[in-house]
Amino acid sequence: MLESCQNAQERWGGVNKLIDRWLQDRLELIRVYDALGDTPEALAADREGLQKFCEVLVDYVSAGHFEIYEQLNSEAKAFNDERGLELADTIYPRLKVITESALAFNDRCDNGDCSDCTVVAAEFNKLGSLLHERFELEDCLIEVLHNSHKEEAAAQA
């Protein structure tokens, strides 16, 4: 997961400060996720780490929905990119489902409902898979809704 994130940053780094910051936030999310471990014992032993993960998780998914996706859509609209907008309409519902899963995990931990470490570990591992899928979908959005317009934007400048 970390390698694919670094590849995304190499491809799109420097293109847009907002996206750059968001990709840095993604790296932090992956680092915190990896540092926790995925066994019930590891999660039980590091409640502070789990709380930190939840904080970074909520910040990351919120930035995606309230900043990045909106900007990417606006850019596609500005360039009359119907193909990109259609792709976004296809991808956004899945991103919403993954976001809801991430927020549900956070709510469970915020409510103190993490006493059954076996269940939390299973949900944590499932969330890891969902985040991996999310990162791939987001990379696709960045590629289609942002990078495809770089040359046009440079020509207009």
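Q: How many helices and how many strands does the secondary structure of the protein come to?
A: The model is predicted. From the N terminus on, its elements run α-α-α-α-α-α-α. The secondary structure therefore comes to zero strands and seven helices.

Q: What share of the residues in the protein is buried?
A: A residue counts as buried when its relative accessible area is under 20%. The protein has 157 residues, and the buried share of them is 44%.

Q: Which share of the contacts with a separation of 6 or more joins residues 24 or more positions apart?
A: The contacts considered here are those in the protein with a separation of 6 or more. Among these contacts, the share from residues 24 or more positions apart is 78%.

Q: Is H4 roughly parallel or roughly antiparallel to H6?
A: Helix H4 covers residues 47-78, and its axis lies 12 Å from that of H6. The two helices pack at an angle of about 25°. Angles under 35 degrees count as roughly parallel, so the arrangement of H4 relative to H6 is roughly parallel.

Q: What is the handedness of the crossing of H4 and H6, and how many nonpolar residues does their contact have?
A: H4 and H6 cross in a left-handed manner. The contact includes Leu50, Phe53 and Leu57 of H4, together with Val120, Phe124 and Leu127 of H6. By class, the residues of this contact comprise four charged, two polar and, as the nonpolar number, 17.

Q: Is H2 roughly parallel or roughly antiparallel to H6?
A: Helix H2 covers residues 17-36, and the axes of H2 and H6 are 12 Å apart. Their packing angle is about 160°. Since angles over 145 degrees count as roughly antiparallel, H2 relative to H6 is roughly antiparallel.

Q: How many charged residues does the contact of H2 with H6 have?
A: H2 passes H6 in a left-handed crossing. Residues of H2 that meet H6 include Trp22, Arg26 and Tyr33, while those of H6 include Gly128, Glu138 and Asp139. The contact of H2 with H6 has 11 nonpolar residues, two polar residues and, as its charged number, three.

Q: Is Asp139 buried or exposed?
A: Asp139 lies in helix H6, which spans residues 117-145. Its relative accessible area is 10%. The limit for burial is under 20%, and Asp139 is therefore buried.

Q: Which residue makes a side-chain polar contact of 2.9 Å with Asp139?
A: Asp139 of H6 and Arg26 of H2 are among the residues where these helices meet. At 2.9 Å, the side chain in polar contact with that of Asp139 belongs to Arg26.

Terms used
Residues numbered from 1 in each chain as written. Predicted model: local features only at pLDDT ≥ 70, side-chain atom pairs only at ≥ 80, totals over all residues. Heavy atoms only, no water. Helix = DSSP H or I, 4+ residues; strand = E, 2+ residues; numbered from the N terminus. Buried < 20%, exposed > 50% of the residue type's maximum accessible area, 1.4 Å probe, protein only. Polar contact = N/O pair within 3.5 Å; in protein donor to acceptor, adjacent residues only side chain to side chain. Axes fitted to C-alpha atoms, helices over the stretch in contact; angles between N-to-C directions. Parallel < 35°, antiparallel > 145°, perpendicular 65-115°, else oblique. Left-handed = near helix turned anticlockwise from the far one by under 90°. Contact = heavy atoms within 4.5 Å. Nonpolar A, V, L, I, M, F, W, Y, C, P; charged D, E, K, R; others polar.
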